[in-house]
Each structure stands twice: as C-alpha cells, then as structure tokens.
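Please examine the sequence and the model shown here. The paragraphs that follow lead from one residue to the chain that holds it, and then to further local details.

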Amino acid sequence: MATDYPGWLTTGDHCEWSGISCSSDKHITSVTLQNLNLTGPYPTNLNNLSAMTGLITDGNSLTGVISNDICGMTGIHIEGDASNCPNAVGTEGCCFTVVA
C-alpha cells in the first residue's frame, strides 16, 4: 500500500488525511483509495475500523479477495472496478458498485 499518500502516516489528525472521512467522535467512516495505483493484497485489518461504512478501491491493482471480516461489517458499502472487486458482485457487503 502507498505510504506517501498526502498527509498519511503523520502525527496529525487522521481525520484530515486525504481520502479519509470521520464521524464527529473521530472514528473513520470512509476510506477512499481511488486511482492511487496501489498494488498488492487487500489489507486484512480494515475491519478494525469498526465505524467504516464506505470503502472505494477503483483505479488500483489490488489482489486477492476482500476478507469476510470486511464484507461482513455492519452497513459497509464497497465500490471498485472489475480488477479491484474480486468478490462476487452483489455478495452481502462486498462490491455493491462495480465501476466500468
């Protein structure tokens, strides 16, 4: 995963990082990783973001499948393109939207 996304991995407020949206109590609610040319496997620990309801991954080359732990998160909506949504479209919790 990219480590040079503007503002990431700094000691500043994570809610001000590019591509991150937060609730009023600073829990991450959405992660947008759109068009970052990321490569490698899907991170397996995104399910630790218990308030996350949105994940956008299109425009990357992520491999493997989105874990069941992430797919099963309450209220999650995952969006990506065909190469970044390896789970079956319409599977509960996974890749509700596939961008052409």
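In this predicted model, Asn60 has a relative accessibility of 4%. Asn60 therefore counts as buried, since that class takes in residues under 20% relative accessible area. In the order of secondary structure, Asn60 belongs to the loop that lies between strand S4 (54-56) and strand S5 (61-63). Two backbone oxygens are reached by the side chain of Asn60: that of Thr57 at 2.7 Å, and that of Asp58 at 3.4 Å.

The wider setting is the protein chain itself. One helix and seven strands make up its secondary-structure elements, and from the N terminus on their order is β-β-β-β-β-α-β-β. The protein chain has 100 residues, of which 37% count as buried. When contacts between residues at least 6 apart in sequence are considered, 26% of them join residues at least 24 apart.

Is Ser23 buried or exposed, or does it fall in between? Its relative accessibility is 25%, so Ser23 counts as partly exposed. The side chain of Ser23 makes a polar contact at 2.3 Å with the side chain of Asp25. Ser23 also illustrates how sequence separation and spatial distance can be set side by side: Ala51 is 28 residues away from Ser23 in sequence, while their C-alpha atoms are 8.3 Å apart in space.

The remaining topic is the covalent link between cysteines. Which residues does the disulfide join? The disulfide joins Cys15 to Cys22, with an S to S distance of 2.1 Å. This pair qualifies because the rule asks for cysteine sulfur atoms within 2.5 Å, and by that rule the count comes to one disulfide. The link of Cys15 and Cys22 is left-handed, with -95° about the S-S bond.

How values were computed: Residues numbered from 1 in each chain as written. Predicted model: local features only at pLDDT ≥ 70, side-chain atom pairs only at ≥ 80, totals over all residues. Heavy atoms only, no water. Buried < 20%, exposed > 50% of the residue type's maximum accessible area, 1.4 Å probe, protein only. Polar contact = N/O pair within 3.5 Å; in protein donor to acceptor, adjacent residues only side chain to side chain. Helix = DSSP H or I, 4+ residues; strand = E, 2+ residues; numbered from the N terminus. Contact = heavy atoms within 4.5 Å.
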